[in-house]
Amino acid sequence: MEALQPFLQLDDLYQFYILASAIAALGIYKLGEDKNRTLALMHSAVSVWTGLLTFNFAYEFFNTEYTIYADWIVTTPLLVGTIALTATNGRFNQPLKTVGAAALQVLVVLAGYLGFTQGSAELFFLGVALFAAEFAVLWNMSDDADYEILLIALFSLWSFYPIVYFRGILKDSIPEAQVTYWLVVLPLISKHLYGFIDLYLVD
């Protein structure tokens, strides 16, 4: 990662992510004209919100200390909703599981936030347990092979967030600049690219 820094400074990475968010939001919305409109709007909302929050993180219009959690508390439950919509092939016919999984994701973010602010490993592991429970709920929503691959891929990507954050922030074993790089690069895949792939799986 250090080798990238002379060529791609943090400000450049933020600007690239903001641009990618705008392109993804428009591209997903356009793709949704021929796919599931509700799913496209949800993914577009994810791209718009994360782009706006990254804009704030880059230019510091408002307090940036909690910006990443303001991003996650909105975008990750929305993404849970998209995966649930994919599981039901666009019909939302398992509302209890959908709401339950989204609620668990909110708790995951809150546990992460409290773990960060209080420096608590216990809260970190609580978040991991909630994360596993959420995966189990979503796994049982469909036995479609494409859905299972998508779910595994998404949650594998999400698992890097607490790993990076826990080791970088709580354990100081990763330089803060590299933590920031990872927390900008990962959403390019887990939010924007995932949005396009998800739309292709729904009729």
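Ala111 is found in helix 4. Helices here are DSSP runs of H or I with at least four residues, strands are E runs of at least two, and both are numbered from the N terminus. Ala111 is buried, with a relative accessible area of 5%. Buried means under 20% relative accessible area, exposed means over 50%, and partly exposed lies in between (1.4 Å probe, protein chains only). This is a predicted model, where local features need pLDDT of at least 70 and side-chain atom pairs count only at pLDDT 80 or more, while totals for chains, interfaces and linings use all residues. Residues are numbered from 1 along each chain as its sequence is written, and side-chain values use heavy atoms, with hydrogens and water left out.

**Around Ala111**

- Leaving aside neighbours within four places in sequence, Ala111 is in contact with Leu123 and Gly127. Contact means heavy atoms within 4.5 Å.
- The C-alpha atoms of Ala111 and Phe124 are separated by 6.5 Å. These two residues are 13 residues apart along the chain.

**Overall fold**

- The protein has seven helices and zero strands.
- Its pattern along the sequence is α-α-α-α-α-α-α.
- Of the 203 residues in the protein, 45% are buried.
- Take the contacts with a separation of 6 or more: 73% of them join residues 24 or more positions apart.

**Helix 4 with helix 5**

- Helix 4 and helix 5 pack at an angle of about 165°, with their axes 8 Å apart. Axes are lines fitted to C-alpha atoms, for helices over the stretch in contact, and angles run from 0 to 180 degrees between N-to-C directions.
- That angle makes helix 4 roughly antiparallel to helix 5. Angles under 35 degrees count as roughly parallel, over 145 as roughly antiparallel, 65 to 115 as roughly perpendicular and the rest as oblique.
- Helix 4 passes helix 5 in a left-handed crossing. A crossing is left-handed if the near helix is turned anticlockwise from the far one by less than a right angle, and right-handed if clockwise.
- By class, the contact has 12 nonpolar, four polar and two charged residues. Ala, Val, Leu, Ile, Met, Phe, Trp, Tyr, Cys and Pro count as nonpolar, Asp, Glu, Lys and Arg as charged, and the others, Gly among them, as polar.

**Helix 3 with helix 4**

- Helix 3 (residues 67–87) and helix 4 (residues 95–118) pack at an angle of about 155°. Their axes are 9 Å apart.
- Helix 3 and helix 4 are therefore roughly antiparallel to each other.
- Their crossing is right-handed.
- Helix 3 contributes residues including Tyr69, Trp72 and Ile73, and helix 4 contributes residues including Val106, Val109 and Phe116.
- This contact of helix 3 with helix 4 has 13 nonpolar, four polar and no charged residues.
- Phe92 sits in the loop between helix 3 and helix 4. Phi of Phe92 is near 50°, a positive value in a residue other than glycine.
- Phe92 counts as partly exposed, at 33% relative accessibility.

**Helix 2 with helix 3**

- Helix 2 (residues 37–59) and helix 3 pack at an angle of about 165°, with their axes 9 Å apart.
- That makes helix 2 roughly antiparallel to helix 3.
- The crossing of helix 2 and helix 3 is left-handed.

**Nonpolar cores**

- The largest nonpolar core has 29 residues. A nonpolar core is a set of buried Ala, Val, Leu, Ile, Met, Phe, Trp, Tyr and Cys residues joined through side-chain atoms within 4.5 Å.
- Trp72, Ile83, Leu138, Tyr147 and Trp158 have the most contacts inside this core.
- Helix 3, helix 4, helix 5 (121–139), helix 6 (145–170) and helix 7 (176–201) each supply at least two residues of the core.
- A second, separate core of nine residues includes Ala24, Leu39, Leu85 and Val202.
- Not counting residues up to four places away in sequence, Tyr147 touches residues including Ile83, Leu138 and Trp139.

**Ser190**

- Ser190 lies in helix 7. At 0% relative accessibility, Ser190 counts as buried.
- Beyond residues up to four places away in sequence, Ser190 touches Leu79, Leu154, Leu157, Trp158 and Tyr161.
- The C-alpha atoms of Ser190 and Phe155, 35 residues apart along the chain, are separated by 8.8 Å.
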